[in-house]
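Hi there,

Here is the structure I promised to pass on. Please have it open while you read the notes below it.

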Amino acid sequence: MKKKLVGLVSALALLATPSLAADKVKVGFIVTLSGPAGIIGKHMKDGFELGLEHVGGKIGGLETEVIFGDDQRKPDVAKQLVDKMIKRDRVQFVTGVIWSNLMMAIHGPVTRSDTFLISSNAGPSPIAGKRCSENFFSVSWQNDQTPEAMGKYLQDKGIDNVYLMAPNYQAGKDMLAGVRRYYKGKVAGQVFTKLGQQDYSAELSTLRAAGPDAVFVFLPGGMGINFVKQYAQAGLKDSIPLYTAFTADAVTLPAQKDAALGVLGTQTWSPDLANPVNKRFVADFRAKHGYIPSFYAAQAYDTVRFLDAAVAKVGNVSDRDALRAAMRAGDFPNTRGSIKFNNNHFPIQNFYMREVVKQDDGSFTTKIRGIVFPAYGDSYAKDCKMSW
Amino acid sequence: MDGLLLLEQTFNGLQFGVMLFLMAAGLTLVFGIMDMVNLAHGSLYMVGAYIATTFTQWTGSFVLGILLAVPATALVGIAVEVVVLRTLYDRDHLDQVLATFGLILFFNELVRTVWGPAALFSDIPAFLQGQVEIIPGVPYPAYRLAIIGVGLAVALALYLIVSRTRMGMLIRAGASNREMAGALGVNIKLLFTLVFGLGAAFAGLAGMMTGPITTVEPGMGDPILILAFVVIIIGGIGSVRGAFVAAILVGLVDTIGRAFLPQFFRLFVADSTADAVGPAVASMLIYILMAAVLFFRPQGLFPARTG
């Protein structure tokens, strides 16, 4: 009898949980914190935590709990994490997500449940087009846009005979396709390298022999450190200009240093963007964490400000339709100055050309050299049936 | 032009090969003499790179950094042997694999705790920057030439140690028949420790020299470990000569394959198909080589074990 009673009471307690949780904001934050890519997760976590600090630890003025999860860069681990966050922790928002393949693994399960999925980085094309969802928002970009901006720049500048290189996986192929969507000049060579490759000596010899006028690479993380160093060591940096996407940023620059000096790359954000939110973000981030923030950190920070603005406007987290309408409005303070949302819930924003420069204190950072695409939306939005 | 490119790629392959040899030499000795599968060999490569980078920053001299880091890595290796591996010699290979896999995780976490998750900055010393024209019209990075030089010098030194010294004789005796060597009064325990330290020093040296051209980051030794195992299987377990020949072979096959296979496929199929198939086949090439060697010579090219 006693047992039965305990059972009944716990069942009642379980039933009661959702209504109790309704005025408490619960956010699940998933990034890669272990393994070689753990540094990216650290940047994002540091940016997210600074965002929380700037909103006083309360998203939208409500009591806030953040559950951090390490996806280990594995889709199955990411899926287990969101299952746990949705079913046991009963979060209202899942956010973070660095990798596109992990995003694809969790997009369905999260958006089908009563949970919002906010991407702080990954933007694979299927979820921007046909599979767009009213429960998904991106505060980063769609994958194709950054290389498209680079292709546009090369085309506008009349640069011809470009050599293209990317790792042999889906994002690598998408990046080169993105460049070629706008760049219509001659392709001196197109090479796909092994994912995670450390030594590019063979590729660099072949590249030199092909005699291109410019080189474009998409080699994120450690691959970018390896390539940019070896490109300079081979003496190619002074003779053939290097154009990049996601290859020289605050994550890799401390290890690339002079080898990356003068390297050009497209991006939606740079530490020197002169808007008040960004100035405060960069200054406070350096003071709190002791290093220059990357775009990963900026996007994670923007995610907090995005959630904060929407929840503050609605005043609770149970009215999901009101929350969605508030998020769609897009008027939240962010490090990029202005973000509007497209019909597929991806941002419409500026794409800049950035150059790697050395600062007076000896550190390396990027400076904006111009706008390539003002207020640019992605090319998959037209395939998305959603309208509002 | 194609001839020159082939020559340059041969140098690239040679440089990769001597690097692999430094890794494989220690691995093959440990595997051959102690019958010990040591998956943590890649961790010593990583530890070597981290220690050398730190010493270089402290002393301001790359050469001094390496000279200090080589014995330091050997000491780390000896400590690992004494504390962990010594208890594993009598266990079967599965236990050894499990324990040394644990060591990989331990070392990756250790460097993350000590040096942080971000990649370290490690640069080529000033006197090795720039390019050398190996023949007119083919500039080649001076640092990579230096790697080839150091690698060949170490190979020669190791050859002399193994074939001309008393310790080398014991190593060969141990590799060919462990029990008999022990029965003849050789202090196998001490020999094991010294050999392990030597292997650690070589792996560390490989890591130190690779640091300035790649990324000094947690887990950097894991990919190269697999290649080192391929090398010792092709060369014959326990054979230093086999490891040398196989390392150069693997270095050349991998580099030449990466450089020329995509173009080769373009002769037969559409460019987009060649772009997809070329890199895929190129990355399989050394495993195909290993399979072929295992099929025709299951003991490897230069088997050391006799009984």
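Below are my notes on the contact between the chains, a pocket and the salt bridges.

First, some housekeeping. This is a predicted model, where local features need pLDDT of at least 70, side-chain atom pairs count only at pLDDT 80 or more, and totals for chains, interfaces and linings use all residues. Residues are numbered from 1 along each chain as its sequence is written, chains are lettered from A and ligands numbered from 1 in the order in which they are written, and side-chain values use heavy atoms, with hydrogens and water left out.

**Where the chains meet**

Chain B brings 39 residues to the contact and chain A brings 33 (contact means heavy atoms within 4.5 Å). About 2900 Å² is buried between them, 49% of it from carbon and sulfur atoms; buried area is the accessible area (1.4 Å probe) that two parts lose on being put together, summed over both. On chain B's side, B:Phe121, B:Thr214 and B:Arg258 supply 19% of the area buried against chain A, more than any other three residues.

B:Arg258 also forms a salt bridge with A:Glu203, at 2.9 Å from N to O. The count between chain B and chain A is three salt bridges (a side-chain nitrogen of Lys or Arg within 4 Å of a carboxyl oxygen of Asp or Glu).

**A pocket**

The second largest pocket is lined by 22 residues, and those nearest its centre are A:Ala250, A:Pro254, A:Tyr291, B:Ala118 and B:Ala119. Here a pocket is an open set of points on a 1 Å grid over the protein atoms alone, where a 1.4 Å probe fits, with protein on both sides within 12 Å along at least five of seven lines; lining residues have an atom within 4 Å of a point. The lining has 14 nonpolar, six polar and two charged residues (Ala, Val, Leu, Ile, Met, Phe, Trp, Tyr, Cys and Pro count as nonpolar, Asp, Glu, Lys and Arg as charged, and the others, Gly among them, as polar).

**Salt bridges overall**

Over all chains, the count comes to 26 salt bridges. One of them joins A:Glu63 and A:Lys24, with the closest N and O atoms 4.0 Å apart. Both residues lie in loops of chain A, so the pair ties together parts that are 39 residues apart in sequence.

Best wishes

Terms used:
Helix = DSSP H or I, 4+ residues; strand = E, 2+ residues; numbered from the N terminus.
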